Amino acid sequence: MHSKADKHPGIVLILFFLLAFSLSPAWAENTEVVVFADDSFPPYSYGEGCEVEGIYTEILRKAFSRMNGYAVTIKALPWKRGLYKLEKGVGFALYPPYYLPDERPYMDYSIPIYRDEIIVFTTENLMARLPFKPQWPKDFYGLRAGMNLGFAIGGNEFRDAVNKGSITLIETKGNEENLRGLINGYIDFYVNDRTAIMAGINALKRKGLYDGGVSQARLVEGLTVSSEYAYLGYTNTDNGLFPFKKNFMEQFNAIIEDMHKKKEISRIVTEYLEKEHVSF
């Protein structure tokens, strides 16, 4: 005795695919995803709109290309605007935040992507007036600190000193703007990632805006404040707007972990810095 399905194997095949489709997640067919990037953090992330460059951009583009079921577009935004979108739950993900759960409770994090070294950069004249081994941040009380707009680095003691007025914080968009402020005496020191600062100095030299201290204030590295890992940050206030988030996060973490094991990330960083002639 044969069933109708036995006589018509095509029906069985169609029913099979319909069932498989109904049981598969909604994002199984290349869900379009927008990930935001800091537009003013060279050499890690910079650009305008969808024209985004940088070390983290290269790492993430490679990772996204290996994900199943997603078509990811990277779009550059001012850092504070990107944070705002995640806080309001209308933006899915943003890079490269540091792990700051108290300051940004609206954000979930990927596994670590790369470690940044946070330093104080200042002038040779100011360093000569500080103790031989300056203490952070108390030996910088009474001074003006420069920082990229929307950044939350420097540690709790530094932020407490800013809140109490012991240190004046002047926030400006981007590395080059802060370095020009340091050269021209608008700020006394600048806090940021070491590689980003050196990339900014090289950029100013190429533009003829800094001569290495021949006729300007000589810029020097002061001290290391901390080491911070950079992540891909996700909104956790979206109220289900991004139902694929858990799957996306799991895939992304697995790919980044594999890239770490294969030393791909360190190679991308080294090759990018060599290509851009970022020297220390």
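**Exercise 1.** In this predicted model, is glycine 142 buried or exposed?

*Solution.* Glycine 142 has a relative accessible area of 68%. The cut-off for exposed is over 50%, so glycine 142 is exposed. As for its place in the chain, glycine 142 is in the loop between helix H5 (124-129) and strand E9 (144-148). The C-alpha atom of glycine 142 is separated by 9.7 Å from that of alanine 161, a residue 19 places away along the chain.

**Exercise 2.** Locate arginine 104, state which side chain of opposite charge is nearest to arginine 104, and list the residues that arginine 104 touches.

*Solution.* Step one: arginine 104 sits in the loop between strand E6 (93-95) and strand E7 (107-109). Step two: the nearest side chain of opposite charge is that of glutamate 103, 6.9 Å away. A salt bridge requires a side-chain nitrogen within 4 Å of a carboxyl oxygen, and arginine 104, although buried, has none. Step three: leaving aside residues up to four places away in sequence, arginine 104 touches Trp79, Leu83, Pro97, Tyr98, Tyr109, Gly150, Phe151 and Ala152.

**Exercise 3.** Describe how helix H3 (residues 55-65) packs against helix H10 (residues 264-275).

*Solution.* Begin with the geometry: the axes of H3 and H10 are 9 Å apart and the angle is about 140°. Angles over 145 degrees count as roughly antiparallel and 65 to 115 as roughly perpendicular; H3 and H10 are therefore oblique to each other. Their crossing is right-handed. On the H3 side, the contact is made by Ile55, Glu58, Ile59 and Lys62. H10 contributes Glu264, Ile265, Ile268, Val269, Tyr272, Leu273 and Lys275.

Key. Residues numbered from 1 in each chain as written. Predicted model: local features only at pLDDT ≥ 70, side-chain atom pairs only at ≥ 80, totals over all residues. Heavy atoms only, no water. Helix = DSSP H or I, 4+ residues; strand = E, 2+ residues; numbered from the N terminus. Buried < 20%, exposed > 50% of the residue type's maximum accessible area, 1.4 Å probe, protein only. Lys, Arg positive; Asp, Glu negative; His and termini not counted. Contact = heavy atoms within 4.5 Å. Axes fitted to C-alpha atoms, helices over the stretch in contact; angles between N-to-C directions. Parallel < 35°, antiparallel > 145°, perpendicular 65-115°, else oblique. Left-handed = near helix turned anticlockwise from the far one by under 90°.
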